[in-house]
Every structure is written in structure tokens, then in C-alpha cells.
Amino acid sequence: AIRSSVEGSLRRLQTETIDLYQAHFDDEKTPLEETLSAFAELIRDGKVRAIGASNHTAPRLAEAIATSERLGLPRYESLQPHYNLVERTVYE
């Protein structure tokens, strides 16, 4: 699914590389090893330069970073939290 989404984005953007690919929704049913391995392939293939997370919980993000370190996989380099005037109590 990740590879398909990236390929679609590259076609729509008419480019060969995505500088920062944000994983906007965390599928907690999919093992992080699988997700991060897919990103590793895309980075190795030159289709993505770096990965970021969006809307991930703190425990899941910590687990992702630990998994990256343990397996030598790419790590999330940025975090885009869901923050707006309506739903800001989680971050304040």
C-alpha cells in the first residue's frame, strides 16, 4: 500500500523523488517492521529521501524509533501533530 501511494504521488507530482514522505495515519495492525521496511526500500530506490509521521501517538512513535534503531531501518525524521484551535487540548 505504501509503495502504491508513493508511486501515485510521484506520477501526480511529475517528479522522481519525494523529499519528505509523511505517514499520516498509523495502522496499528501492521507491524512497524513491515512499514519501516517498505520505507527503507523506497529510500534505497531513491523515490523518497526522508520519512515523517503525522497523527501517531507518543507511545507508537517511541516504538517506531526503537524499531528503527534495533533493525537498522530508517526512522521518522519529523512529526506533524494534529493541532488546531478546535482540538488543541492534547498538546497544551
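From the N terminus on, the elements of the protein chain follow the order α-β-α-β-α-β, a total of 3 helices and 3 strands. Helices (H or I, at least four residues) and strands (E, at least two) are DSSP runs, numbered from the N terminus. The model is a predicted one, in which local features need pLDDT of at least 70 and side-chain atom pairs count only at pLDDT 80 or more, while totals for chains, interfaces and linings use all residues. Residues are numbered from 1 along each chain as its sequence is written, and side-chain values use heavy atoms, with hydrogens and water left out.

The C-alpha trace of the protein chain spans about 40 × 30 × 20 Å along its principal axes. Of the 92 residues, 29% are buried; here buried means under 20% relative accessible area, exposed over 50% and partly exposed in between (1.4 Å probe, protein chains only). Among contacts (heavy atoms within 4.5 Å) with a separation of 6 or more, 75% join residues 24 or more positions apart.

The 3 strands form an open sheet in the order E1-E2-E3, with parallel pairing. E1 and E3 (76-80) stand at the edges with a single partner strand each, so one side of each has no neighbour in the sheet. On average, neighbouring strands are turned by 35° against each other, direction ignored. Two strands pair if DSSP finds at least two bridges between them; E2 (residues 48-54) and E3 pair in the parallel sense over 4 bridges. In this pairing, Ala 53 has Leu 79 of E3 as its bridge partner.

Helix H1 (residues 2-13) packs on this sheet, touching E1 and E2, and its direction makes about 135° with that of E1. Axes are lines fitted to C-alpha atoms, for helices over the stretch in contact, and angles run from 0 to 180 degrees between N-to-C directions. In H1, the buried residues are Val 6, Gly 8, Ser 9 and Leu 10, and the buried residues of H1 pack against E1, H2 and E2. Just after H1, Gln 14 has a positive phi of about 55°.

Gln 22 is buried, with a relative accessible area of 16%. Its side chain makes polar contacts with the side chains of Ser 78 (2.8 Å) and Gln 80 (3.4 Å). A polar contact is a pair of N or O atoms within 3.5 Å; within protein, one must be able to donate a hydrogen and the other to accept it, and residues adjacent in sequence count only if both atoms are side-chain atoms. Not counting residues up to four places away in sequence, Gln 22 touches Gly 52, Ala 53 and Ser 54, as well as Ser 78 and Gln 80.

Helix H3 (residues 58-71) has 14 residues, which should span 20 Å at 1.5 Å a residue; the end C-alpha atoms are 20 Å apart, in agreement. The expected span is 1.5 Å times one less than the number of residues. Arg 60, Leu 61, Ala 64, Thr 67 and Ser 68 are the buried residues of H3. They cover an arc of only 120° around the axis, which puts them on the same side of H3; the arc is that of the directions from the helix axis to the C-beta atoms. These buried residues pack against H2 (32-44), E2 and E3, whereas Ala 58, Pro 59, Glu 69 and Arg 70 are exposed on the other side of H3. Gly 72 follows H3 with a positive phi, near 70°.
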